[in-house]
Amino acid sequence: MVGYGLAAIGPGIGIGLIFAAYISGVARQPEAQGRLQSIAILGFALAEALAIIGIALAFVLS
């Protein structure tokens, strides 16, 4: 479980960077919000999938 805790740092940082870029993009170009939002949600889902796979493997391998 300690290994999973350390492995969760990666997706956490990734999600933070995704939404930081989204906020920056919307602040620069508000009319592109719809397109940027869909890309940010897709990136969030992919980054979160890594964390879910990690916890599944932690339970399977322990």
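## Close-up views of a predicted model

View 1. Leu6 lies in helix H1, helices being DSSP runs of H or I with at least four residues, numbered from the N terminus. The model is predicted, so that local features need pLDDT of at least 70 and side-chain atom pairs pLDDT 80 or more, while totals for chains, interfaces and linings use all residues. Residues are numbered from 1 along each chain as its sequence is written, and side-chain values use heavy atoms, without hydrogens or water. With a relative accessible area of 58%, Leu6 is exposed (exposed means over 50%, buried under 20% and partly exposed in between, with a 1.4 Å probe and protein chains only). Val2, Leu6, Ile9, Ile13 and Leu17 make up a nonpolar patch on the surface with about 530 Å² of accessible area together; patch residues have over 30% relative accessible area and no salt bridge, and nonpolar side chains are joined within 5 Å. Helix H2 (9–28) contributes the most, with three residues.

**View 2. Phe19 and Tyr22 as an aromatic pair.** The whole structure holds two aromatic pairs (ring centres within 6.5 Å; planes under 30 degrees apart are stacked, over 60 edge-to-face and the rest tilted). Phe19 and Tyr22 are edge-to-face, 6.5 Å centre to centre with 90° between the planes. Tyr22 is buried at 17% relative accessibility, whereas Phe19 is partly exposed at 26%.

**View 3. Phe19 and Phe44 as an aromatic pair.** Phe19 and Phe44 are tilted, at 5.9 Å centre to centre and 55° between the planes. Because Phe19 lies in helix H2 and Phe44 in helix H3 (residues 33–61), the pair ties together parts 25 residues apart in sequence. Phe19, Tyr22 and Phe44 form one aromatic cluster.

Key
Patches are made of residues with over 30% relative accessible area and no salt bridge: like charges are joined within 9 Å, nonpolar side chains (Val, Leu, Ile, Met, Phe, Trp, Tyr) within 5 Å. Accessible areas come from the Shrake-Rupley method with a 1.4 Å probe; for residues, only the protein chains shown count as cover. A salt bridge is a side-chain nitrogen of Lys or Arg within 4 Å of a carboxyl oxygen of Asp or Glu. Helices (H or I, at least four residues) and strands (E, at least two) are DSSP runs, numbered from the N terminus. Rings of Phe, Tyr and Trp (its six-membered ring) pair if their centres lie within 6.5 Å; planes under 30 degrees apart count as stacked, over 60 as edge-to-face and the rest as tilted.
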